[in-house]
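Thanks for coming. I would like to walk through one structure with you, a piece at a time. Please have the sequence and the model in view.

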Amino acid sequence: MASNTNASIVSFGEMLIDFVPDVSGVSLAESAAFIKAPGGAPANVACAISKLGGSSAFIGKFGDDEFGHMLVDILKKNQVNTDGVCFDPHARTALAFVTLKKNGEREFMFYRNPSADMLLKESEINMDLIKKSKIFHYGSISLIAEPCRSAHLAAMKAAKSAGVILSYDPNVRLPLWPSPEAARDGIMSIWKEADFIKVSDDEVAFLTQGDSDKEESVMSLWHEGLKLLVVTDGEKGCRYFTKSFKGKVDGFSVKTVDTTGAGDSFIGSLLCSLAKDPSIVGDEGKLKEALKFANACGAICTTKKGAIPALPTASAARDLIAASK
């Protein structure tokens, strides 16, 4: 389908339904009722960008079922360009049951055998949308199974040859991979293609099998083509590494209800800043401002249940920064 409006940031991958217990701190078995919430990191990022006033598109495949159409409607309501969306008449939209533990952290149980997002083919990708964007953002879940893996690699190649910035947030979800080793290998298989990578402290520990607090562990993830590596440290804030400087930016203290989508809110904000001004990766002052704003967006997202409904506006992030001075 031809694109009628270009988006500056294109997000590629999965969108699914999260079923979240209506009460925190219970196991899936103990939960009496579940609330359905839209999920999937790349889709959350696309919504985060548009909520902040940026221009975003989502590329992915849905089941031609009620849940699939509901999710695409949510993208449209959130002003995300859906010219890259397609439906599969033979496969279902993916589902995940998510438990919220007492501290707001999550556990996942997935239903994908195979789900429509895994069946996206290269021929179904709107390459025009990717080539006309400034940033192409993706995760690693789309690398797990064919044909989606080959489609993902082809999309990256098209973006790279068009001079588009490649942004990678691996978003480790171990239950979806055949084994932890397969996850590590799969995630690292495209590592050196990215211009910008965001990882959490837990992901650093998993990928390097080292101590994520130690700089040498983080720096083992650096590669020559990388322009920016960001490690998110939860409520403590984040660390940043570029070719010429490195440092940390403190987080914000808020009452955390649910950490779902916090990392997506963070990266959506940072990608908005990068799309507006790609030179921030070479200007430490500007980069620190962008990261402080991203930290505020991530923090606000943890104060409400769900990912997309909890995504902040730019004014909410500015208010939190002003209140914390």
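Isoleucine 9 has serine 56 in S4 as its bridge partner. The two strands involved are S1, residues 9-12, and S4; they run parallel and are joined by four bridges. Two strands pair if DSSP finds at least two bridges between them.

A word on the source. This is a predicted model, in which local features need pLDDT of at least 70 and side-chain atom pairs count only at pLDDT 80 or more, while totals for chains, interfaces and linings use all residues. Residues are numbered from 1 along each chain as its sequence is written, and side-chain values use heavy atoms, with hydrogens and water left out.

Back to S4. It also runs parallel to strand S5, residues 81-88, with six bridges between them. One of the pairs is isoleucine 59 with glycine 84 in S5. How many of the eight residues of S4 are buried? Eight of the eight, so the strand, residues 56-63, is largely enclosed by the rest of the structure. Buried means under 20% relative accessible area, exposed over 50%, and partly exposed in between, with a 1.4 Å probe and protein chains only. Ser56, Phe58, Gly60 and Phe62 point one way from S4, while Ala57, Ile59, Lys61 and Gly63 point the other way.

Next, a sheet. Four strands form an open, mixed sheet in the order S3-S2-S6-S7. Strands S3 (34-39) and S7 (106-111) are at the edges with a single partner strand each, so one side of each has no neighbour in the sheet. From one strand to the next, the twist averages 30 degrees. Strand S2, residues 16-21, and strand S6, residues 95-100, run parallel and are joined by three bridges. Isoleucine 17 stands opposite leucine 95 in S6. Helix H2, residues 66-77, lies across S2, S3 and S6, at about 95 degrees to S2. Axes are lines fitted to C-alpha atoms, for helices over the stretch in contact, and angles run from 0 to 180 degrees between N-to-C directions. Contact means heavy atoms within 4.5 Å.

On to a helix pair. Helix H9 (residues 284-301) and helix H10 (residues 314-323) pack at about 105 degrees, with their axes 9 Å apart. That makes H9 roughly perpendicular to H10; angles of 65 to 115 degrees count as such, under 35 as roughly parallel, over 145 as roughly antiparallel and the rest as oblique. Among the residues making the contact are Phe293 and Ile300 of H9, and Leu320 and Ile321 of H10.

The last stop is threonine 302, in the loop between H9 and H10. Is threonine 302 buried or exposed? Its relative accessible area is 8%, so threonine 302 is buried. Its side chain makes a polar contact with the side chain of threonine 256, at 3.4 Å. A polar contact is a pair of N or O atoms within 3.5 Å; within protein, one must be able to donate a hydrogen and the other to accept it, and residues adjacent in sequence count only if both atoms are side-chain atoms. A polar atom of the threonine 302 side chain also lies 2.7 Å from the backbone oxygen of alanine 299.
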